[in-house]
Amino acid sequence: MKATAIAGSNIALIKYWGNRDEALRLPMNNSISITLDNAYTTTTVEFDARLKAEEVVINGQPMSGAEKNRVTRFLDALRVRLGFADYARVQSENNFPMASGIASSASAFAALAKATVGARGLDLTPAQISGLARLGSGSAARSVLGGFVEWQTGSGDADSVAVELAPPAHWHICDVIAIVATGEKKVKSTEGHTTAHSSPLYPARLAHVATTLEPLRRSIANRDFATLGDIAELDALSMHAVMMTATPSLLYWTPATTRLLHSIREWRAEGLPAYFTLDAGPNVHILTLPAEVETLRARLKAIPEVERVLVCNPGEGTRLVETHLF
Ligand code: DP6
């Protein structure tokens, strides 16, 4: 009744933004991401028939309120689907600081889904676990798989799951994360998704995404970095344009963000292969190749607004490990 799982975060190249069903987290469009090796969550789950409620500890802190409720609501959904009634002790740790502004819901719910299935002694496929993780956080559906991953909209709950496009060893792309803000963001993704439909640009974004999925898949298969970077950069701008023009308007960028976007374009014009992407926050993910990481790190060091740099490579999918957190 106890199991521990490790799950990496992921960075989307074509983003998930907006749902057709908020409760089931059925997305409006397919999204494609890279699972990351160096930003991960470890979670131990133990079911105990004597417990009267969930006990949730994250990074050593006992949780209550909204954070704990999100875990309990997720486990409620799994209790119904997997057919059990017990509450759990859940302990979770991120290898990156919680306040680093790096998305933790993707790795958190992927690890929790995998550990829950493991603790119940169930034998489910990665696709089935991806579908479960999706109920906790949409992007978590992708973190269940390793390497280059596509989450399909599907026709409904049963087939809105992620599949592997290529394993991590296929291509050593790097995600150099420039952290410019470490505080909690004002509007979390879950709330943000509900505003997407109010943007006049949203239909144009969805139509455009439909034309970029196949070229992106091809760029991954052919290891065509310039095409991948162009598609990813445009997609991030398109998502942020939708965010900015929604009601209420979501403006996640800070002056530090804009400064970095300009710098990356200048460096690229000088010949450095580097493209940016951003999630629902001000931090900038720089896609580059292994040979350029140290140059990039040195340039980022010279920018005072950059508080921290985290370098990630394509990583494995969610897996069980023998060592428990408690
Ligand atoms: C901007 O998966 O964080 O990072 O399902 O409400 O947890 P919830 O949303 P979440 O949304 C991710 C938004 C994004 C883009 C992406 O990762 O595709």
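Start with Arg223, which sits in the loop between α6 (202-221) and α7. Keep in mind that you're looking at a predicted model. The backbone at Arg223 does something to look out for: its phi is near 50°, a positive value in a residue other than glycine.

Pro248 lies in the loop between α7 (225-244) and α8 (255-269). The peptide bond leading from Thr247 into Pro248 is cis, with omega near -5°.

Now for the sheet itself. It is an open one of four strands, in the order β11-β12-β10-β13, with antiparallel pairing. β11 (274-277) and β13 are the edge strands, each pairing on one side only. From one strand to the next, the twist averages 25°. Two helices pack on this sheet. α7 touches β11 and β12, and its direction makes about 30° with that of β11. α8 touches β10, β11 and β12, and its direction makes about 155° with that of β11.

Zoom in on β10 (residues 174-179). Is this strand mostly covered or mostly open? Mostly covered: six of its six residues are buried. Cys174, Val176 and Ala178 point one way, while Asp175, Ile177 and Ile179 point the other way, and all of them are buried. On one side, β10 pairs with β12 (residues 284-288) in the antiparallel sense over five bridges. Within that pairing, Val176 stands opposite Ile286 and Ile177 stands opposite His285. β10 is also joined to β13 (residues 308-312) by five bridges, again antiparallel. Here the bridge partner of Asp175 is Cys312.

Next, a pair of helices. The axes of α2 (residues 105-119) and α3 (residues 126-136) come within 8 Å and cross at roughly 130°. That angle makes α2 oblique to α3, because an angle has to be over 145° to count as roughly antiparallel. The crossing is right-handed. Which residues make the contact? From α2 come Phe109, Ala110, Ala113, Lys114 and Val117, and from α3 come Ile129, Leu132, Ala133 and Gly136. Sorted by type, the contact has seven nonpolar residues, one polar and one charged.

Finally, look at Ala88 in strand β7 (residues 87-94). Its relative accessibility is 0%, so Ala88 counts as buried. What surrounds Ala88, leaving aside residues up to four places away in sequence? Ala88 touches Val45, Glu46, Phe47, Leu51, Ala53, Glu54, Glu55 and Leu75.

How values were computed. Residues numbered from 1 in each chain as written. Predicted model: local features only at pLDDT ≥ 70, side-chain atom pairs only at ≥ 80, totals over all residues. Heavy atoms only, no water. Axes fitted to C-alpha atoms, helices over the stretch in contact; angles between N-to-C directions. Parallel < 35°, antiparallel > 145°, perpendicular 65-115°, else oblique. Left-handed = near helix turned anticlockwise from the far one by under 90°. Contact = heavy atoms within 4.5 Å. Nonpolar A, V, L, I, M, F, W, Y, C, P; charged D, E, K, R; others polar. Buried < 20%, exposed > 50% of the residue type's maximum accessible area, 1.4 Å probe, protein only. Pairing = 2+ DSSP bridges.
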